[in-house]
Amino acid sequence: MRSAGLVASVAVLAVIAVLGIAVGAKQIPLDQVWHGVFHYSGSDSGVVVRDVRFPRTLLGLIVGAALGLAGTVMQALTRNPLADPGVLGINAGASAAVVSAISFFGVTSLTGYVWFAFAGAAVVSVAVYVLGGTRSATPVRLALAGTALTAVLVGYINAVNLMDTAALDKMRFWTVGSLASATMPTVTHIAPFLAVGGVLALLIARPLNAIALGDDQARALGARLTRTRVLAMLAVTLLCGGATAVCGPIVYVGLMVPHVVRAITGPDMRWILPYSAVLSPVLLLGADVLGRVVARPGELQVGIVTAVVGGPVFIYLVRRRRMAQL
Amino acid sequence: MSATVKSGKDAGAMSGKDAGVKSGKGAGVKSGEGTGKDAKAGGARGRGVTAARRITAVRTKGGLSLRFDARATFVGLLLLAVALAAGIALIGSGDYPMTPGEVMATLTGGGDAGQQFIVQDLRLPRVLVGLLVGAAFGIAGAVFQTVSRNPLGSPDVLGFAQGSSVGALVVIVYFQGGTFAVAVGAVVGGVVTGLAIFLLAWKRGIHGYRFVLVGIGASAMLYAMVLYLMTKANIVEATRATTWMTGSLNGRDWDQVWPLAAVCAVLVPVVLLYGRPLRMLEMGDDAAYALGVRVDRVRLVALMAAVVLVASATAAAGPISFVALTAPQLARRLTRSPGPNLLPAALMGAVLLVAADWSSQRLFGADQLPVGVLTGVLGGGYLLWLLATERKAGRI
Amino acid sequence: MSRLTAENVTLAYDQRVIAENLSVAIPDHSFTVIVGPNACGKSTLLRALSRMLKPAAGSVLLDGSAISSLPAKKVAKALGLLPQSSIAPDGITVADLVARGRYPHQGLLRQWSADDERIVQESMAATGVAELADRYVDELSGGQRQRVWIAMALAQQTPLFLLDEPTTYLDIQHQIEVLDLCAELHEEQGRTLVAVLHDLNHAARYATHLIAMKDGAIIAEGAPADIVTAELVERVFGISCQVIDDPETGTPLVVPAARKPRNGGSGGGRAAAEQTTAAVAAGAPRG
């Protein structure tokens with residue numbers, strides 16, 4: 001049942017991915033899509049497919065999966081339904097680093113932001129873990145430490161934005177979150193980080209199951225709390241830091257998808273994680289395609305469409321089903 | 001009215017016969033926590049930490065009794081004093097600095113005409129707006145966190161702040177409206193969002209978890225609208241919108257004070273009246289219901305009041321972030337008592353906001369940065385510090 | 001005499017009907033235990049009796065008037081409940097939690113009377129948690145925690161006290177501890193107790209009045225010695241068994257039949273009887 005659902009989800013994802021390549025300002029027939037990807041001949045459509053649509057779709061796939069996995073791990077780790085990767089301060093850390101890069105170091109290219117964003121995310125997640133109490137960390141302390149640090153960083157970001165109008169002008173577009181900047185080099189740069197993070201997340205599914213029962217029971221079941229926490233935070237940093245670095249802080253994908261998935265699969269992380277990894281890119285790529293269709297020939301940023309489409313669906317599900325509590 | 005004052009170590013003061021002795025014993029326990037007297041009685045983790053809190057009861061012969069938690073009362077009074085002191089310091093700072101003495105004199109009717117003008121017309125309303133907005137955010141945040149049973153359950157997270165922002169940004173971006181129009185937009189946006197979330201989360205009552213999840217969904221959509229509006233704005237409007245969304249006290253006058261004061265005067269007592277039943281709500285719906293708490297009514301009334309407080313405060317100063325989130329957490333860490341800590345949270349909010357405004361003026365010069373920049377830094381930083389220092393205690 | 005009765009109630013969650021046309025009267029000063037297989041509606045009935053669940057039809061009466069029409073605090077002074085799941089607020093001490101049981105007796109200007117203080121002390125003493133008064137609830141063991149919650153409900157000082165599966169998740173030692181405590185409350189303080197229990201043998205040993213339910217209907221009720229028979233157990237739980245006298249108390253003791261060997265052979269009745277002591281010690285299978 002659950003495996004059939006997973007197969008069906010993968011099929012849906014495949015269809016959306018093909019649509020992602022075919023649909024846009026220039027419609028491309030499916031056979032051309034095939035040729036562009038696998039038998040590049042240099043035709044107009046081929047160029048669009050190979051240099052624009054294909055990397056963009058690929059990026060949407062891996063970033064979507066990364067955000068879904070990161071959100072799932074965060075909610076399990078903090079045992080808090082309101083936790084998204086941003087709760088660890090990762091989005092704020094990345095944003096703070098990017099705004100510094102723009103304002104103080106004069107970095108203007110998107111590829112330049114990437115490494116700043118990543119570094120910011122990494123530094124902040126380590127800081128949250130240390131402030132959250134390393135060994136004596138509890139879910140509530142981690143969440144609070146992350147939120148408190150976010151508060152501080154947001155203050156910093158706002159201050160820079162308000163004092164440097166040029167930075168605000170750049171930031172307001174980065175903050176929205178977009179897949180539009182995708183190129184093959186970006187994808188290949190970021191893919192290894194996301195891959196390592198993804199494997200890590202899937203590996204800790206079992207101990208995360210134990211953590212869901214509470215610290216005492218987890219210990220009784222032989223789960224190594226500290227190690228699991230460290231690995232989980234490492235996974236989240238790689239996944240969410242990488243995704244944020246290339247696409248900007250796309251929030252809410254990692255927050256909403258795990259809730260929907262939990263309603264489908266029940267509480268077993270070994271199912272929740274793969275489902276999230278498949279359904280999140282469905283939402284993200286679907287939103288990306290939709291954003292290109294509704295605002296043709298321009299486009300709506302994927303961050304906006306994700307939330308505008310995802311929000312109502314989410315509320316509908318919340319109302320209809322009895323949502324599984326964490 | 002003859003009152004007998006008894007104090008004892010929590011409920012641990014058996015009968016109040018020997019109040020003096022008991023009070024002495026309680027005082028011997030260092031600041032709320034000491035080592036357990038019976039570690040063998042064995043907690044699951046065998047740490048045997050005890051937490052003795054001093055509760056004082058004031059009782060009259062007529063059967064009336066009031067309960068004071070010594071530490072919470074002390075913290076409350078301290079916060080009140082700090083809030084007032086910060087207010088006076090804030091009135092005294094600016095292009096025309098005044099000493100606290102001069103401020104006090106001017107407030108009580110002294111001072112020359114110039115000082116009168118500066119204090120009464122320019123700076124006092126700004127400080128009052130700051131105090132009221134902080135208190136409103138603080139107490140509303142405590143309500144939200146108690147009802148959602150989640151320390152992250154604040155109006156910024158559950159979509160109410162975003163609702164106000166959408167309202168205000170529509171006015172800024174599409175109508176280029178003035179301050180008053182923006183405030184109206186914020187109130188409309190906030191209240192409409194509140195009603196929508198209530199209606200969507202309502203299913204034979206407001207269930208805490210469903211309320212949280214619906215809030216997440218709503219917050220996602222509204223945030224997307226904010227981002228969209230930001231990309232549609234020209235750079236002047238975008239700057240104005242960012243300033244508004246950060247939250248600012250610049251140029252606030254009596255026009256902002258009176259409506260907010262009226263709302264607070266009505267709703268803060270309402271929320272405080274619900275403080276005791278809200279405390280019962282922490283133990284789960286069933287337990288609260290069994291104790292005679294009308295769970296749904298308490299939740300609905302307290303939340304409605306909190307939503308209106310947040311909307312009014314937002315209209316006056318913008319959706320100053322993190323005050324509603326951090327103030328209740330700071331308050332409960334200082335009082336070390338469970339429960340929503342409504343009054344300490346309100347006072348803490350007021351302190352945070354006014355102290356942030358004062359530091360902002362000190363550090364960056366008058367009106368350079370909106371206060372919202374510093375509230376996050378101050379509240380978040382203080383919370384981090386508390387988290388780091390209480391690490392050994394390991395207590396939330 | 002019965003202060004608490006249910007008359008022709010239909011109980012349902014959403015559209016799912018759990019029980020129809022159910023009537024029950026809780027005898028005053030009894031220790032009533034409701035038993036039955038999973039999903040038979042026993043917890044649902046208890047929820048209805050404690051007004052957590054409003055019946056779709058019929059009504060629950062407290063002292064003759066519909067419980068849903070009475071003021072919440074008035075009901076809370078007459079009827080206490082130990083819910084299946086309660087949340088201990090972060091950083092609350094035992095004494096603080098127990099003190100919250102006084103809520104229905106308090107008001108805005110009557111927050112902490114001398115009576116409150118005395119009753120909280122007595123409740124903690126009665127449940128043996130007085131020496132834990134200043135400890136944090138979240139660091140207690142499961143059994144201690146359950147006793148603290150019972151102390152809180154006791155502090156409510158209600159003549160009627162409902163407990164929803166008070167022994168779930170506890171080991172055998174703590175199960176007996178909690179049940180002994182209930183029996184004491186019943187005998188020494190004359191309170192009326194209504195409990196939902198999983199374990200039929202516990203129910204038969206402690207109850208003065210037993211209600212056996214299946215599929216939302218009451219199959220039998222009465223004193224355990226009168227109604228617990230092999231036929232009843234077979235009918236309600238669908239297992240074959242022997243009912244013998246409990247060597248400790250003389251109350252009925254249900255001993256499930258041994259697993260039948262594949263190829264005939266006599267199912268060891270004697271062997272089962274000999275295993276009695278072991279079965280009791282191991283806390284016999286859950287209903």
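Colleague: How many helices and strands does chain B come to?
Modeller: In this predicted model, the secondary structure of chain B comes to 15 helices and five strands.

Colleague: And which domains is chain B divided into?
Modeller: There are domain 1, which covers 1-28 + 52-63, and domain 2, which covers 72-364 + 371-389. Taken over C-alpha atoms, the centres of domain 1 and domain 2 of chain B are separated by 36 Å.

Colleague: How much of chain B is buried?
Modeller: Of the 396 residues in chain B, 58% are buried. As for its contacts with a separation of 6 or more, 70% of them are between residues 24 or more positions apart.

Colleague: What pLDDT does chain B average?
Modeller: The average is 80, and 84% of the residues in chain B score at least 70. Among the elements of chain B, helix α9 (residues 254-273) has the highest mean pLDDT, 93, whereas strand β2 (residues 34-35) has the lowest, 34.

Colleague: Switching to the interface, how many residues of chain B are in contact with chain A?
Modeller: On that side 52 residues of chain B are in contact with 48 residues of chain A. The elements of chain B that give two or more residues to this side are α7 (208-232), α8 (235-246), α13 (323-335) and α15 (371-389), and the largest share, 16 residues, comes from α7(B).

Colleague: What classes of residue does that side of chain B have?
Modeller: The side of chain B that touches chain A has 32 nonpolar, 17 polar and three charged residues. For the complex, the predictor gives an ipTM of 0.79 and a pTM of 0.81.

Colleague: Now chain A. Where is A:Ile190 found, and what does this residue touch?
Modeller: A:Ile190 is found in helix α8 (residues 184-203) of chain A. Leaving out residues up to four places away in sequence, A:Ile190 touches A:Gly242, A:Ala245 and A:Val246.

Colleague: Why does A:Ile190 count as buried?
Modeller: A:Ile190 counts as buried because it has 24 C-beta neighbours inside 10 Å, and the cut-off for buried is 20 or more.

Colleague: On to chain C, then. In what order do the six strands of the open sheet stand?
Modeller: The order in chain C is β6-β7-β8-β3-β9-β10, with mixed pairing. At the edges stand β6 (79-82) and β10 (217-222) of chain C, each with a single partner strand, so one side of each is left without a neighbour in the sheet. From one strand to the next, the twist averages 15°.

Colleague: How many bridges join β6(C) to β7 of chain C?
Modeller: Four bridges join β6(C) to strand β7 (residues 160-164) of chain C, and the two run parallel. Within this pair, C:Leu81 stands opposite C:Leu162 in β7(C).

Colleague: Which strands does helix α1 of chain C lie across?
Modeller: Helix α1 (residues 42-49) of chain C lies across β3 (31-35), β7, β8 (192-196) and β9 (209-214) of chain C, and runs at about 145° to β8(C). Helix α9 (residues 230-237) of chain C also packs on the sheet, where it touches β9 and β10 of chain C, and its direction makes about 155° with that of β10(C).

Definitions and conventions
Residues are numbered from 1 along each chain as its sequence is written. Chains are lettered from A and ligands numbered from 1 in the order in which they are written. This is a predicted model: local features need pLDDT of at least 70, side-chain atom pairs count only at pLDDT 80 or more; totals for chains, interfaces and linings use all residues. A residue is buried if 20 or more other C-beta atoms lie within 10 Å of its own, exposed if 12 or fewer, and partly exposed in between; C-beta atoms are placed from the backbone. Two residues are in contact if their C-beta atoms, placed from the backbone, lie within 7 Å. Two strands pair if DSSP finds at least two bridges between them. Axes are lines fitted to C-alpha atoms, for helices over the stretch in contact, and angles run from 0 to 180 degrees between N-to-C directions. Ala, Val, Leu, Ile, Met, Phe, Trp, Tyr, Cys and Pro count as nonpolar, Asp, Glu, Lys and Arg as charged, and the others, Gly among them, as polar. Domain bounds come from an automatic or database domain assignment. pLDDT is the predictor's confidence in each residue, from 0 to 100.
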